[in-house]
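Have the structure open beside you and follow along.

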Amino acid sequence: MGLIKDIYSLPFYEKFSHAVAEVHPAFQKQKFIDTIYEGDFAQKEWKDRMKHTTVVLHQFMPENFPEAVSLIDKIIENLKKNQFTEGNLAFIFFADYIEMYGLDDFKTSATAFVSITQFISCEFAVRPFILKYKEKMIEEMVKWSLHQNHHVRRLASEGSRPRLPWAMAIPYLKKDPASILPILENLKNDPSEYVRRSVANNLNDIAKDNPQTVLEIAAQWKGFSKETDAIIKHGSRTLLKQGHPEILSHYGLESSNIELSDFEITTPVVKTGEALQFQFHLRNLNKEPKTVRLEYAVYYKKAKGHLAKKVFKISEKTYQPDQFVKVERSQSFRIITTRVFHTGIHELSIIINGTESEPLRFELI
């Protein structure tokens, strides 16, 4: 499997240049490619190559921004004819072009986003426009939420997420998400799962700063449709992991008379690269079936010596009266790029419908 930066290769630029020249005869194909490869292109990582492509392309586009946008639309249509598919990550520089050169032209850029996002997503590029134009941009995105194309509707939700990963946050939406709620309301029963998942992710973002807002939405939307119920559940995942009482009550997740016993860490000393093993018994002492959301928390030792909690889900299912089960699980300490492990004492607990057990200790060596 190649590196992501290698999507920007000579064959790519040659095919792209050919597609551009077909709709823009003045385009200098070879000069464009030569300019791309000037300097330290080989050492650039993916994002830098993408940004570099944006800047070089701008040198060969009309100086007038609306004319450049019109040409981008023609290029995209021709790319489709040349068997370039929607969602091809290499073409994210089209969205980046609007972000870099269209920030002072709201009207043209807003129209461009609607067009371009149907070929390559613009959720990152739209965010500087939200920061600059605030409610004016959000009002435009509310309109997008009613668009016939699902990519445009998703852009309305995904682009307005207060905490979109790998993108700049939107501080004023983190503080008060009220202006984006009409977007989510319009999309709460969208026919596209792609769009509905974005709505759930937006709700989950909101829950991190404004949990009460999401709890109110959950109460309002409950039972609207099975799809909307699924949005609420996925959008409440942070609140559920936090054991927030109101969301647990919303789902009838009560821990009374659910008995935890024989909780044991079977590998109290774990080598880095191997796995922690643990087990416990669970019994429903209620006289009626109970839904049990079962999780465990690992308290990882951090570089400064403190412990940081991370919650992992085991299952969520119905237990019959007096049902007794043995649960065995493992937690990997295999070295990965996204987590640094520190040797020393860690802790592990079991969480039943938001109620956490006393943690047990284990040592990572």
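What share of the contacts in the chain between residues at least 6 apart in sequence join residues at least 24 apart? I looked it up and found 69%, where contact means heavy atoms within 4.5 Å.

**Entry 1: ground rules.** I am working with a predicted model, in which local features need pLDDT of at least 70 and side-chain atom pairs count only at pLDDT 80 or more, while totals for chains, interfaces and linings use all residues. Residues are numbered from 1 along each chain as its sequence is written, and side-chain values use heavy atoms, with hydrogens and water left out.

**Entry 2: the whole chain.** I noted 16 helices and nine strands; helices (H or I, at least four residues) and strands (E, at least two) are DSSP runs, numbered from the N terminus. Along the principal axes, the C-alpha atoms fill a box of roughly 75 × 50 × 35 Å. Of the 365 residues, 49% count as buried, meaning under 20% relative accessible area, with exposed over 50% and partly exposed in between (1.4 Å probe, protein chains only).

Entry 3: I followed an open sheet of three strands in the order 1-3-6, with antiparallel pairing; two strands pair if DSSP finds at least two bridges between them. Strand 1 (258–265) and strand 6 (324–332) are the edge strands, each pairing on one side only. From one strand to the next, the twist averages 20°. Strand 1 is joined to strand 3 (residues 275–284) by six bridges, and I found Glu259 opposite Arg283 in strand 3.

**Entry 4: two helices that cross.** Two packed helices are described by the angle between their axes and the distance between the axes. For helix 3 (residues 46–59) and helix 5 (residues 92–101), I read axes that come within 9 Å and cross at roughly 65°. Here axes are lines fitted to C-alpha atoms, for helices over the stretch in contact, and angles run from 0 to 180 degrees between N-to-C directions. The crossing is right-handed, that is, the near helix is turned clockwise from the far one by less than a right angle. Among the residues that meet are Trp46, Met50 and Leu57 in helix 3 and Phe93, Tyr97 and Met100 in helix 5. The residues of this contact divide into ten nonpolar, three polar and three charged.

**Entry 5: aromatic pairs.** Rings of Phe, Tyr and Trp (its six-membered ring) pair if their centres lie within 6.5 Å; planes under 30 degrees apart count as stacked, over 60 as edge-to-face and the rest as tilted. By this rule I have 32 aromatic pairs. Tyr13 and Phe41 have ring centres 6.1 Å apart and planes at 70°, so I logged the pair as edge-to-face. Tyr13 lies in helix 1 (residues 10–23) and Phe41 in the loop between helix 2 (29–36) and helix 3, so the pair ties together parts 28 residues apart in sequence. Both Tyr13 and Phe41 are buried.

Phe129 and Tyr133 went down as stacked, because their ring centres are 6.3 Å apart and their planes at 20°. About one helical turn separates Phe129 and Tyr133, because they are four residues apart in helix 7 (residues 127–133). Phe129 counts as buried at 1% relative accessibility, and Tyr133 counts as buried at 18%.

**Entry 6: one valine.** Where does Val311 sit? I found Val311 in strand 5 (residues 307–319), and at 9% relative accessibility Val311 counts as buried. Not counting residues up to four places away in sequence, Val311 touches Lys241, Glu295, Tyr296, Ala297 and Ile351.

Note on methods
Nonpolar A, V, L, I, M, F, W, Y, C, P; charged D, E, K, R; others polar.
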